[in-house]
Amino acid sequence: MSQVEKKAGLLRRTSSSKKPLKEKVVLMYDEIFAKEDPAKNNPRFWDELFLMKVNLEYLESKLESVDGEDVQRIQDNINSLFHHCVQALGEEHQIKVVNALQTLCALFRGVHQKNKSASGFDIINMLMGFDKAEQRMKDLMERLDSLLCGDSSESLKSLCLKLLLCLVTVTDNISQNTILEYVMINSIFEAILQILSDASSRGQHGYDAVVLLALLVNYRKYESVNPYIVKLSIVDDEPTLDGMGMVVHQALTEYNRQYKDKEEENQGGFFSTLTSMVGSMFIADADEKLSVQTNEAILLALYEAVHLNRNFITVLAQSHPEIDIAATPTTTTPTTPTTPLGTTPPSLDMMSNPELPLDPNLQTSNLLITFLKYASIVMQDTKDEHRLNSARLCLIILTCIAEDQYADAFLHDDNMNFRVSLHRMPMRHRKKAVDKNIPSRPLVCAVLDLMVEFIVTHMMKDFPMDLYLRCVQIIHKLLCYQKKCRIRLHYTWRELWSALINLLKFLLSNETTLLAKHNIFHLALLVVNLFNMFITYGDTFLPTSNSYDELYYEIVRMHQVFDNLYCMVLRVSTNTGQWKEAASKVTHALVNVRAIINHFNPKIESYAAVNHISQLSEEQVLEVVRSNYDTLTLKLQDGLDQFERYSEQPKEAAFFKELVREREGGLF
């Protein structure tokens, strides 16, 4: 028996000499794949076909089994099947519409699977006939739009979105899916917005709608004018933007909850006791247990909204009570064989509730807080390519936020204080933070905490240089805003200074290894210039004069790191080689740091000698610093408060192309 026949539905077995009977729908599929027009002998063939339950597996495998010569022979029948599917979408009989939607999905998948190397034009020709394609796709998109915007059942709307997702994700590279040209011409953008703006439909279909929009925005976004990009960038309807934010918020919240559940599960019971007894033997297993599938599809949607639409920035800050998702009743999402995505949408009941009762004992949250918690989880482990990309996307989103004036305003707003419990990587030399001890602070403190946490925990052999550069640049952009607006942020700046100095120390210790792969001088320059920002402008944004004194104390205390850095960059810049110019920039950037060290060190040594003290306390060193500012000479450095604004094209184009292609690697 052939593989195709094995997949056919078997009704019953007779004697061994007879073949098993096939379902009627399978026999009808066989007629379509014969040379003759199936309606020739049965005028009601197409009406009857769509009344029968679809056998997706058989239909797809039949399409995949067609060889080169047979394609031409059966093309008219395949075109006819496509045409009648589209016509059936206009039927009042719901069963016919459901079966037509599922059949279309099988057609898209089966034809693409069989013809992976074929051009987009050949696939269009096989599916609907090239001369009729424009009309067929116009009819299809109009009927899908009508079903999505009309009073169709929720299960039908769900199937429409599944079909569209199937169509969009059917090729490995979305930009090579020529059929999507017709989806650009016959836009369903308004239908997607309608789903997101309505509380009821958003609860049912919001996740699929947001993912679909994110994918359509990425179709040939660099080669031509994509109408979905243009339209998304000008949306200013508040309910729609809020709806989009709620879908993203709920998906990220669900991920955070799953991770927290696994973390708590991992900390209790016999396994935890055994791990602590035998040390690191089981650490790898513990980490593996905490792995939760990341969701780049929803993260991509958040990025596109933040990057393209200035109005969406306001959605990030909208407060609402934190909800325990596990306690909310779940909605059953209709599942069909047409689902092309590997990532199941979370239960979205909360999204159908535009207003929720506020409990005075309930901690308020917002999309930005939920995103920061999500980022703190995915940025912990960047060892595999998939998680590395997820962390990179989180940092790109934070870069866009840090550059936006409105976002900076609410990040630094003293009247918007939150307790943000970020996840921290387990490390032997530090205690686990207790959530109750987290102070209520402006949100920028949580962003800085996240950056410091990443800097401290990723100094490793396989050094994620790109992520470090992004982290330091985010910090710089936030400092530029603070300097510009003279915002004196009450933050534990010493933790940041300590993390940056340890990063320089790591670069020095691993110079040879790192230089084989990376330009470490660029990162060193960015770090040194952060110190230059504090030295030159710190008096305008550090919270107290004491903070400024502490900055000098840290520089003097850790002078050996800066001395070693200067020796290293001087050595490289005075020799001819690949890094000569890059190292020379760091040499010049160190001028004020070295001036501080050379000015205060002799004074501290003199104070110790005069007072016969072998080791000065911090307070004594600070006293020397305070009393010797007047004689310190520093050079004014230009451009410290300037930065290059984020631009997706051309720097990030390759990353986003690859990210959208990663469907089989876990993106969708």
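Which residues in α28 meet which residues in α29? In this predicted model, Leu565, Tyr566, Val569, Leu570, Val572 and Ser573 in α28 meet Lys580, Ala583, Ser584, Val586 and Thr587 in α29. By class, seven nonpolar, three polar and one charged residues take part in the contact of α28 with α29. Helix α28 spans residues 559-573 and helix α29 spans residues 580-589; their axes come within 8 Å and cross at roughly 145°. The crossing in which α28 passes α29 is left-handed.

The chain that holds this pair contains 32 helices and four strands. Of its 668 residues, 55% count as buried. Among contacts in the chain with a separation of 6 or more, 78% are accounted for by residues 24 or more positions apart.

A second pair of helices is formed by α19 (residues 367-378) and α20 (residues 385-403), whose axes come within 9 Å and cross at roughly 145°. Here, α19 passes α20 in a left-handed crossing. On the α19 side, the contact is made by Leu368, Phe371, Leu372, Tyr374, Ala375, Ile377 and Val378. The residues contributed by α20 are Arg387, Ser390, Ala391, Cys394, Ile397, Leu398 and Ile401. The contact of α19 with α20 has twelve nonpolar residues by class, together with one polar and one charged.

Two further helices were examined for length and burial. Helix α8, covering residues 133-149, has 17 residues and reaches 24 Å from its first C-alpha to its last, close to the 24 Å expected at 1.5 Å a residue. Helix α9, covering residues 154-168, has 15 residues and reaches 21 Å between its first and last C-alpha, close to the 21 Å expected at 1.5 Å a residue. Because 13 of the 15 residues of α9 are buried, this helix is largely enclosed by the rest of the structure.

Lys477 is found in helix α23 (residues 465-485). Its relative accessible area is 6%, so Lys477 counts as buried, the cut-off for that class being under 20%. The side chains of Lys477 and Glu403 are joined by a polar contact of 2.7 Å. With residues up to four places away in sequence not counted, Lys477 touches Thr399, Ala402, Glu403, Phe643, Glu644 and Tyr646. Glu403, the partner in the polar contact, lies within the residue range of α20.

Key: Residues numbered from 1 in each chain as written. Predicted model: local features only at pLDDT ≥ 70, side-chain atom pairs only at ≥ 80, totals over all residues. Heavy atoms only, no water. Axes fitted to C-alpha atoms, helices over the stretch in contact; angles between N-to-C directions. Helix = DSSP H or I, 4+ residues; strand = E, 2+ residues; numbered from the N terminus. Left-handed = near helix turned anticlockwise from the far one by under 90°. Contact = heavy atoms within 4.5 Å. Nonpolar A, V, L, I, M, F, W, Y, C, P; charged D, E, K, R; others polar. Expected span 1.5 Å × (residues − 1). Buried < 20%, exposed > 50% of the residue type's maximum accessible area, 1.4 Å probe, protein only. Polar contact = N/O pair within 3.5 Å; in protein donor to acceptor, adjacent residues only side chain to side chain.
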